[in-house]
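Take a moment with the sequence and the fold before reading on.

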Amino acid sequence: MSTAAKSHATQSISYADLYARWERGHWLANEIDFTQDRIDWRERLTDEQRHAALWFMSLFFHGEDEVADDLSPYVTAAPTEEQTYFLTTQQVDEARHSVFFTRFMHEVVGLGDGTVGSGLEATKLHLTWGHKKTFENLAKVADELRHDRSKQKYAEAITNYMIIVEGTMAQPGQHLIESWLERTGLLPGFFEGLKHVANDEQRHIAFGMKTVADLYQEDPDEIGPIIVDAIRKSGTFLVSFAYPDDGDSTYLDSLGISLTDLYADSMRALMSRLRGIGLSDELRAKALTLDTSISFEEQGVRVMRLLDAGYLGPGFRPTSKDPEDLELLWEMLSYIINANAKVGTVVQFEFSDVGAHHYSQTPDGLVYSAGAHPSPSVSIKSSLDDFVAIVNERSNPVKLMLQRKFWVSGDRGLVVGQRSVFGPATEAAPRRIPVLSRFGL
Ligand SMILES: [Fe+2]
Ligand SMILES: [Fe+2]
């Protein structure tokens, strides 16, 4: 069994201290004064800013409600009293966050009748495909935790909730809104509440990092791949959560926020969380299916290009067949193939509309080239659109197979199981990668 390096960042955190910080950090969502906010909303914000702010705030409002709903199985699955007590404080926090957003929507924007349900109903039209998928996944994992309280499931659930949803998706976005409000002095009540929310989230994320770090250090071979899998599974949805369904990525320009910056900040945050947990360099690189040698800013640009090209996300626009975009797609596919495959292994993607590329494992690593290989070890055939739909969980691969639109041929052992070229995350604990497990194999 391998040992994991102890992370200084999480060692200095204790569950008792996190609880004490909660007691000291009380604030009252019902006491926030929205008088100036009402004036600002009507008179000082432009139409574009109102539109963008309402859209972005709705994503966070619904997020707060979802996390409040999904936390109870965590409370019962927690292995120690200290963790249980902290999680009950978090449940109160999430409800308070939701009340704060409900008040803002009702008293400032004029939506709903002041009840949480009516506020959610009035804002649900702003939810994106990526947002819905992210929270469907969170609810599914929470439900699984209800029936399976093993440390493996607990590690997966905490990774999803505190590391991915709170630490990677919500917090960087909240910081961008905070900086807009700080720069402009607009909506002072909302700004004050949001700062309290951010302090609470800081504690929640610290709890998640501490818990996952402890579980990982206890059993790195078992827990490491679980963390990596959780991140890889949610990656597609995660990058799409703030991407509008109409594909207009300039949506937030009026707030001085760019989606590319948001992606860069999210990836920077995720990397720092994983480092804080003590995850090895190798596993950190596997968790992110992009080139980790380039800057976060450049990664943000690439994610945006993958979304704009229709390779990631909701699929409301045609998939790009532009050669420059396709180059990015071929590169993306290289990150989903396990670099530990035996030398000589060849994985081929044959897309009826844009041609074939094959990926060969050489003594120097994985190399890929255009064109078909005479005898690939594994071959995946379909149209590009069908393949992209499977990757983004918009099409059922089994159905496509029955319709003779999707084929996987070659060495079955390389597609699934111990020798899979699409896993394992580590030699000791084989895992299939989500893309291929979605093929129903
Ligand atoms: Fe929250
Ligand atoms: Fe939270």
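Helices here are DSSP runs of H or I with at least four residues, numbered from the N terminus. By that count, His106 sits in helix H6. The model is a predicted one, and every value below should be read that way.

Stay with His106 for a moment. Is it buried or exposed, or something between? His106 has 19 C-beta neighbours inside 10 Å, so it counts as partly exposed. A residue needs 20 or more to be buried. Setting aside neighbours within four places in sequence, His106 is in contact with Leu111, Gly112, Gly114 and Gly119. Val116 is ten residues away from His106 in sequence, and their C-alpha atoms are 9.4 Å apart.

Now step back to the whole chain. It holds 19 helices and five strands. Of its 441 residues, 49% count as buried. Consider the contacts with a sequence separation of 6 or more: residues 24 or more positions apart account for 72% of them. Confidence comes next. The mean pLDDT of the chain is 87, and 89% of the residues reach 70 or more. Residues 417-441 have a pLDDT below 50, and in the model this stretch makes 70 contacts beyond near neighbours in sequence.

Start the tour of helices with H2, residues 15-24. Which of its residues are buried? They include Tyr15, Leu18 and Trp22. These cover an arc of only 60 degrees around the axis, so they lie on the same side of H2. Turn to the other side of H2, and Ala16, Ala20, Glu23 and Arg24 are exposed. The cover over the buried residues of H2 includes helix H6 (81-109) and helix H10 (188-218). H6 is the helix that holds His106.

What covers the buried face?

H4 leads on to a helix pair. Helix H4 (residues 47-70) and helix H8 (residues 129-147) have axes that come within 10 Å and cross at roughly 10 degrees. That angle makes H4 roughly parallel to H8, because angles under 35 degrees count as such. From H4, the contact uses Leu59, His62, Glu66 and Asp70. From H8, it uses His131, Phe135, Leu138, Ala139 and Ala142. By class, the residues of this contact divide into five nonpolar, two polar and two charged.

Next, go further along the chain, to Lys342. Lys342 lies in the loop between helix H15 (323-335) and strand E1 (346-351). It has 10 C-beta neighbours inside 10 Å, so Lys342 counts as exposed. The cut-off for that class is 12 or fewer. Ser360 is 18 residues from Lys342 along the chain, and 9.7 Å separates their C-alpha atoms.

Then look at H16. Why is H16 described as largely enclosed by the rest of the structure? Because seven of its eight residues are buried. The buried residues of H16 are Leu384, Asp385, Asp386, Phe387, Val388, Ile390 and Val391.

Two backbone angles close the tour. Most residues other than glycine have a negative phi. Just after H16, Glu393 takes a positive phi of about 55 degrees. Glu393 lies in the loop between helix H16 (384-391) and helix H17 (397-402). With 17 C-beta neighbours inside 10 Å, Glu393 counts as partly exposed. Arg404 also has a positive phi, near 60 degrees. Where is Arg404 found? Its place is the loop between H17 and strand E5 (406-410). Arg404 is exposed, because it has 7 other C-beta atoms within 10 Å.

Terms used: Residues numbered from 1 in each chain as written. Chains lettered and ligands numbered in written order. Predicted model: local features only at pLDDT ≥ 70, side-chain atom pairs only at ≥ 80, totals over all residues. Helix = DSSP H or I, 4+ residues; strand = E, 2+ residues; numbered from the N terminus. Axes fitted to C-alpha atoms, helices over the stretch in contact; angles between N-to-C directions. Parallel < 35°, antiparallel > 145°, perpendicular 65-115°, else oblique. Contact = placed C-beta atoms within 7 Å. Nonpolar A, V, L, I, M, F, W, Y, C, P; charged D, E, K, R; others polar. Arc of directions from axis to C-beta. pLDDT = per-residue confidence, 0-100.
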